[in-house]
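My plan is to look things up one at a time and jot down what I find.

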Amino acid sequence: MRVLAVVLLAAACAAAAAASGGGGSGELPEFREAPAFRNGAACADAPTIHIAMTLDGTYLRGSLAGVLSVLRHAACPESIAFHFVASSTSPARRLAALRRALAAAFPTLPATVHRFDARLVRGKISSSVRRALDQPLNYARIYLADLLPRSVSRVLYLDSDLLVVDDVARLWATDLGPDAALAAPEYCHANFTSYFTDAFWRHPEYATVFANRTRVPCYFNTGVMVIDLDRWRAGGYTAKLEYWMEVQKQEARIYELGSLPPFLLVFAGEVRAVEHRWNQHGLGGDNVAGQCRELHPGPVSLLHWSGKGKPWLRLDAGRPCPLDALWAPYDLLRRRGARDDLLAAVA
């Protein structure tokens, strides 16, 4: 089957905005059509893998690169269904542009766009160390069990600043055991106490939340999570996460870092551990300077530019970090005069 022709977006915004991914109020940039990836004969009985990602103008370029990386390395790419979560506050014109950009890059991709009601969290978000972490869409992962159809019992949540360089089916098949609702790579060498303020640790009741956990609570990154949605719903985990957001907003400032600490408060010590290879995170540096970083020791299945520094911004600025060169071949941004056959590197 021949790949469908690229659906062009409306006129691109100014060159600077196009280079940054169109995060401003102007039109979105244009994107090239990705290569088509097909299932082989061995995929006849492959399960449908459900992947959830957010969809907005600021991180659109990263999202499309992430999708391309998933499909490029999947043994059964046509067995993957994507669920994109977009903010309900996005004007209809902007949402239509996002849909066109997605169709331009992946015309045959099985994908659904779900609207996230930002009012659910607007009154619960407190300022953090980086403004991007305070956006309502950053909290949409808390509501996946409500946003996705009940027929979807498991979902793989992926941030929009990462690349998958292995068959995602291996991560999807993670054994959650008899009762875990969430699986993710854990990092028990990290200073767990640093994710909460002194006010939290001094409070006579707050810190007791970690008592009687299955294991010692450890840090995990919420940019890569395998979630059992049935167990999530049964355990009322959305309400549990909201509770800590309300404590932060109304009672005491107990953390500084966006949507991550509530997940630690609810799940740390109860997470089903996944190999570190599935979240080589921190490649975007810290949340202030965004400095260059190297990979952690060990094998790599997923590269994650968490932190302030995003590869597309550093590449456009002419100040890339060494590892940003690994992201560049998956960039679908259409540049004037560039040849589309450059995508042959990932085909």
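Predicted model: local features only at pLDDT ≥ 70, side-chain atom pairs only at ≥ 80, totals over all residues.

**Cysteines and sulfur bridges**

I started at C218, which is buried, with a relative accessible area of 5%. My cut-offs: buried is under 20% relative accessible area, exposed is over 50%, and partly exposed is in between (1.4 Å probe, protein chains only).

Residues are numbered from 1 along each chain as its sequence is written, and side-chain values use heavy atoms, with hydrogens and water left out.

Which cysteine is bonded to C218? I found C188, with the two sulfur atoms 2.0 Å apart, forming a disulfide (a pair of cysteine sulfur atoms within 2.5 Å). C188 is in the loop between β6 and α7, C218 in the loop between α7 and β7, and 30 residues separate them. Helices (H or I, at least four residues) and strands (E, at least two) are DSSP runs, numbered from the N terminus. The S-S torsion of C188 and C218 is about 105 degrees, so I wrote down "right-handed".

I counted three disulfides in the structure. Another one joins C43 and C76, with sulfur atoms 2.1 Å apart. Its S-S torsion is about -90 degrees, so this disulfide is left-handed. Both C43 and C76 are buried.

C292 and C321 make a disulfide too, at 1.9 Å between sulfurs. Here the torsion is about -85 degrees, so that one is left-handed. C292 is partly exposed at 45%, but C321 is buried at 5%. Counting bonded cysteines along the chain, I get the pattern 1-2, 3-4, 5-6.

**Helix α10**

Next I checked α10, residues 260–267: is it covered or open? It is mostly covered, with eight of its eight residues buried. Among the parts covering them are β6, α8 and α9. Just after α10, G269 takes a positive phi of about 90 degrees.

**Rings**

Rings of Phe, Tyr and Trp (its six-membered ring) pair if their centres lie within 6.5 Å; planes under 30 degrees apart are stacked, over 60 edge-to-face, the rest tilted. I got 23 aromatic pairs this way. One of them is Y237 with F267, tilted, with centres 4.9 Å apart and 35 degrees between the planes. This pair links helix α9 to helix α10, with its residues 30 apart in the chain. Y237 is buried at 18%, and F267 is buried at 3%.

Terms used: Contact = heavy atoms within 4.5 Å.
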